[in-house]
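Have the sequence and the 3D view at hand while reading.

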Amino acid sequence: RTIDVATLRERLSDIITSGQNQSLVAAFVPVAPTVVVNKTYSATQAGLQAYVSDQASTRNVRISVQQLGGNGWSAAARDTESTVSASTYKLFVALVLFDHMDKGEITWDTPILDTNTRGCFERMIVASTNACAEEWIRQFGRTGINNFIWSKGFSRGTDFNNPEANHTTAADLARYFRGMQEGWLMSGWARDYLLDALHRHHYTKGIPSGSAAGDVRNKVGFLWDYSNDSAVVYHPRGTYVIAVMTKGLSFYAIADITREIEALMYP
């Protein structure tokens, strides 16, 4: 039951305007009971997919996760939606940079801004500041970056020409980390250098905090009310890639999602 607010408001108005002292009793009316749903999920691929789907349907979340060994489970929801990438776009800038370096057009000692390629790479990936990334975007051209990224099999959802901000998808971020881990997107010195840089930053409140793994190589992005995290996770029971893109949520929410996903994949 709850107070009959409409009747109470009317009686209060009458008493106040009458100017007389009167007693007032608040009447109660019946209401429907509150429904609380506590869902449980089985430690199966179906259970994993159900959890991911529920997260994406009840919150502004996009998720893509895939095991790279073991059972090979995967789950995704809203993962192909193009959304604000925030600093995760720097992964794609790094991929274009590596291509120019492979062609001999840029070296680690090539001057850029007030430093060189090596210094700018540290700022872009480890510190995640913007100046160097923006300068490389200017040099490579937004359309040129798009064409290169798309030629590597990434979707049109990853777009450096979006008028709002750089965009990508959870599916593309997960694909990036899978390609890096398996060596078909980049290999050799480039793969080793990027994995090392992704291990040395301090943005660990998302996927790394939610994972039981001691080794997580992740790249975050936060802009306006968007919080994104993507990673390759070296869990004791298997390696997997994951991308979680959110709007209106925090990195603590991403940590919780990661924790629940791991509990289903590795009970």
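Q: Is Glu182 buried, partly exposed or exposed?
A: The model is a predicted one. Glu182 has a relative accessible area of 38%. Buried means under 20% and exposed means over 50%. Glu182 therefore falls in the class between them: partly exposed.

Q: Which side chain meets that of Glu182 in a salt bridge?
A: Side chains of opposite charge can pair when their charged atoms come close. In helix H7, Arg178 and Glu182 are 4 residues apart, which means a separation of about one helical turn. The N to O distance of the salt bridge is 3.2 Å. The partner of Glu182 is Arg178.

Q: What is the relative accessibility of Arg178?
A: Arg178 counts as partly exposed. For Arg178 the value is 29%.

Q: Where is Gly183 placed?
A: Helix H7 covers 170-182 and helix H8 covers 188-199. Gly183 is partly exposed, with a relative accessible area of 26%. Its place is in the loop between H7 and H8.

Q: What distance separates the C-alpha atoms of Gly183 and His202?
A: Along the chain, Gly183 and His202 are 19 residues apart.

Q: What distance separates the C-alpha atoms of Ala253 and Val61?
A: Ala253 is found in helix H10 and is buried, with a relative accessible area of 8%. Along the chain, Ala253 and Val61 are 192 residues apart. Their C-alpha atoms are separated by 9.9 Å.

Q: How many salt bridges does the structure hold?
A: One of the salt bridges joins Asp114 and Arg123, at 2.8 Å from N to O. Arg62, Arg78 and Glu81 are linked in a network of salt bridges. In the structure, the number of salt bridges is 13.

Q: Which residue meets Asp54 in a salt bridge?
A: The N to O distance of this salt bridge, between Asp54 and Lys39, is 3.3 Å. The pair links distant parts of the chain, 15 residues apart: Asp54 is in helix H2, and its partner is in the loop between strand S2 (28-29) and H2. Asp54 counts as buried, at 19% relative accessibility. The partner of Asp54 is Lys39.

Q: Which helix supplies the largest share of the lining of the second largest pocket?
A: The second largest pocket has a volume of about 170 Å³. Its lining includes Lys39, Tyr41, Asp54 and Glu260. Helix H2 (45-58) and helix H10 (251-265) each supply at least two residues of the lining. The largest share, 4 residues, comes from H2.

Q: How many residues in the lining of the second largest pocket are charged?
A: The lining of the second largest pocket has 3 nonpolar and 2 polar residues. The number of charged residues is 3.

Q: What is the volume of the largest pocket?
A: The volume of the largest pocket is about 300 Å³. Of the 16 residues that line the largest pocket, the closest to its centre are Ala86, Tyr89, Asn130, Asn166 and Leu223. Helix H5 (131-140) and strand S9 (216-223) each supply at least two residues of this lining. The volume asked for is about 300 Å³.

Q: Near what value is phi of Ala86?
A: Most residues other than glycine have a negative phi. Ala86 has a positive phi. Ala86 is placed in the loop between strand S5 (83-84) and helix H3 (89-102), and is buried at a relative accessible area of 7%. Its phi is near 50°.

Q: Near what value is phi of Ser128?
A: Ser128 is found in the loop between helix H4 (117-127) and H5. Ser128 is buried, with a relative accessible area of 13%. Its phi is positive, near 60°.

Terms used. Residues are numbered from 1 along each chain as its sequence is written. This is a predicted model: local features need pLDDT of at least 70, side-chain atom pairs count only at pLDDT 80 or more; totals for chains, interfaces and linings use all residues. Side-chain values use heavy atoms; hydrogens and water are left out. Buried means under 20% relative accessible area, exposed over 50%, partly exposed in between (1.4 Å probe, protein chains only). On a 1 Å grid over the protein atoms alone, a cavity is a set of points where a 1.4 Å probe fits but cannot get out, and a pocket is an open set with protein on both sides within 12 Å along at least five of seven lines; lining residues have an atom within 4 Å of a point. Grid points are joined across faces, edges and corners, and a volume is the space filled by probe spheres set on the points. Ala, Val, Leu, Ile, Met, Phe, Trp, Tyr, Cys and Pro count as nonpolar, Asp, Glu, Lys and Arg as charged, and the others, Gly among them, as polar. A salt bridge is a side-chain nitrogen of Lys or Arg within 4 Å of a carboxyl oxygen of Asp or Glu.
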